[in-house]
Amino acid sequence: MVKKLLLLVLLAGAGLMFWLGVSDYQVKEELNPIASYYADQGLEETGAANLVTAVVVRYRGLDTLGEVTILFLTASILGFFLIKGNKKETFRDSSEILKTASRLLEPIIILAGVYVFVNGHLTPGGGFQGGAILASALILSYLANPTDGISKTLLKVTESFSGLSFVIIGVLGIVLAGGFLDSTLLPAGSIGNLISAGVIPIIYIFVGLKVGSELAGIVTNLKYAPKNESE
Amino acid sequence: MITLEYITLGTGILLMLMGIWGLVTQKNLIKIVIGFTLVDTGIHILMVSIGHIKNRTAPIIDDAVNASEAANKVVDPIPQAMVLTAIVIGLGITALMLTFVVKMAKDNNSLNVSNFKSLKW
Amino acid sequence: MDPNLNIIIAIVLGIIILVFAALAIYHKKLSIAIIAAGAVSLLASIMYLLLAAPDVAMTEAAIGSGLSVIIFFYALSKIRKHHG
């Protein structure tokens with residue numbers, strides 16, 4: 001009981017600290033100088049109508065590279081920890097409704113995910129959102145057919161290839177254009193079209209494919225662990 | 001004091017404090033992981049609500065917001081870009097923690113945290 | 001939307017989020033606690049829409065209340081199958 005009381009006092013102190021830091025928070029009226037620079041020049045320099053996309057891919061491209069690296073590390077550590085023994089797992093057959101419904105729903109969900117990350121520079125959306133929707137479609141296929149879903153080799157090849165292409169495009173930006181992940185590698189067409197904003201749609205396509213196959217691999221490794229083949 | 005920013009700020013801070021309380025006092029391993037996800041969500045709400053400016057709209061340039069007056073009509077786009085990355089990394093951390101929980105539960109056959117005392121002196 | 005309606009919706013959302021968070025910490029059954037944590041993510045995604053952040057709302061709804069709940073239930077089923 002004393003421990004809980006002590007914890008309560010500690011949390012009250014932490015809450016008071018937060019509130020004091022926040023209580024002279026004036027409600028802002030103007031953007032700070034960096035944000036107003038991004039808002040003013042973002043459209044002309046990159047050609048993307050979605051300002052958050054311009055910040056994530058062009059102005060803060062190194063953070064996106066770091067995040068892609070961390071996701072890759074997580075996927076490899078999970079695959080390392082969950083190597084299964086020699087016991088063969090038998091799965092119960094899933095019900096008829098799930099099998100039939102998944103055959104109808106999977107193409108629609110994949111189409112929705114691909115639409116979201118291909119149009120990332122025009123409307124709200126982008127690589128991470130589209131990748132999460134794509135991962136849901138792949139997990140549905142594993143839920144319906146545990147032994148016969150989308151092949152794991154395809155997922156691994158897609159993930160590695162997309163990650164490699166993302167880094168190659170970034171390095172090409174250093175060699176041929178302004179800096180890492182510069183978007184003036186291809187000409188920025190007219191604003192509002194699908195093929196505009198330089199190389200941003202191509203970068204987001206690779207990021208979306210990589211995040212989608214990676215998240216599907218992480219989630220299905222937790223349940224259907226890969227066999228310990230000697231390779 | 002009753003404006004939109006203060007309400008969301010308060011919700012974010014209270015959610016974070018409740019998550020820390022659940023993290024420290026619960027004994028079931030999975031409830032500890034749930035406490036981590038609550039702390040994560042609270043911090044993200046706090047970060048996005050700092051970048052909000054009164055009576056302004058989302059940072060996308062289309063018919064509603066012209067290119068020339070964008071700096072007067074949009075909210076701050078930088079915290080939103082940071083939170084986008086942070087949500088995906090939070091999912092990776094949750095997956096790693098659950099892997100460790102599964103491994104620990106297999107060796108000791110229980111989910112109570114007071115059974116794992118082999119590292120205490 | 002006029003500002004008064006936004007403030008009322010924000011207050012109601014805030015109270016429901018805190019009630020669900022308390023449910024997630026204190027309920028005895030694990031399945032209900034996991035679903036309550038997913039519901040907190042979903043209501044936070046509505047709050048992001050009130051704060052004029054549509055990208056963040058999409059990401060939080062897809063990842064926080066979709067993939068995270070699936071991961072929890074997979075881990076729970078693996079533990080329970082092993083216990084017999």
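Guide: The questions that follow set values against definitions. This is a predicted model, in which local features need pLDDT of at least 70, side-chain atom pairs count only at pLDDT 80 or more, and totals for chains, interfaces and linings use all residues. Residues are numbered from 1 along each chain as its sequence is written, while chains are lettered from A and ligands numbered from 1 in the order in which they are written.

Visitor: Why is C:S45 called buried?

Guide: A residue is buried if 20 or more other C-beta atoms, placed from the backbone, lie within 10 Å of its own, exposed if 12 or fewer, and partly exposed in between. C:S45 has 21 C-beta neighbours inside 10 Å, and therefore counts as buried. C:S45 lies in helix α2 of chain C, helices being DSSP runs of H or I with at least four residues, numbered from the N terminus.

Visitor: Which residues is C:S45 in contact with, leaving aside its neighbours within four places in sequence?

Guide: Contact is said of two residues whose C-beta atoms, placed from the backbone, lie within 7 Å. With those neighbours set aside, C:S45 is in contact with C:A57, C:E60 and C:A61.

Visitor: What else is buried in α2(C), and what do its buried residues pack against?

Guide: The buried residues of α2(C) include C:A33, C:V40, C:M47 and C:Y48. The buried residues of this helix pack against α1 and α2 (29–50) of chain B, together with α1 and α3 of chain C.

Visitor: How do you know that the length of α2(C) agrees with expectation?

Guide: The expected span of a helix is 1.5 Å times one less than its number of residues. The 21 residues of α2(C) should therefore span 30 Å, and its end C-alpha atoms are 31 Å apart, which agrees. After α2(C) comes C:A52, whose phi is positive, near 60°.

Visitor: What makes α1(A) hardly covered?

Guide: Among the 22 residues of α1(A), the count of buried residues is zero. This helix, residues 2–23 of chain A, reaches 31 Å from its first C-alpha to its last, close to the 32 Å expected.

Visitor: Why does A:L31 count as buried?

Guide: A:L31 has 23 C-beta neighbours inside 10 Å, and so counts as buried. A:L31 lies in the loop between α1 and α2 (33–46) of chain A. Leaving aside neighbours within four places in sequence, A:L31 is in contact with A:S36, A:A39, B:A71 and B:D76.

Visitor: Why is α8(A) called roughly parallel to α3(C)?

Guide: Two packed helices are described by the angle between their axes and the distance between the axes. Helix α8 (residues 200–223) of chain A and helix α3 (residues 54–83) of chain C pack at an angle of about 20°, with their axes 8 Å apart. That angle makes α8(A) roughly parallel to α3(C), since angles under 35 degrees count as roughly parallel, over 145 as roughly antiparallel, 65 to 115 as roughly perpendicular and the rest as oblique. Residues making the contact include A:L215 and A:V219 of α8(A) and C:L67 and C:I70 of α3(C).

Visitor: How many residues do chain C and chain B bring to their contact?

Guide: The contact takes 41 residues from chain C and 39 residues from chain B. On the side of chain C that touches chain B, α3(C) gives the most, with 17 residues.

Methods:
Axes fitted to C-alpha atoms, helices over the stretch in contact; angles between N-to-C directions. Helix = DSSP H or I, 4+ residues; strand = E, 2+ residues; numbered from the N terminus.
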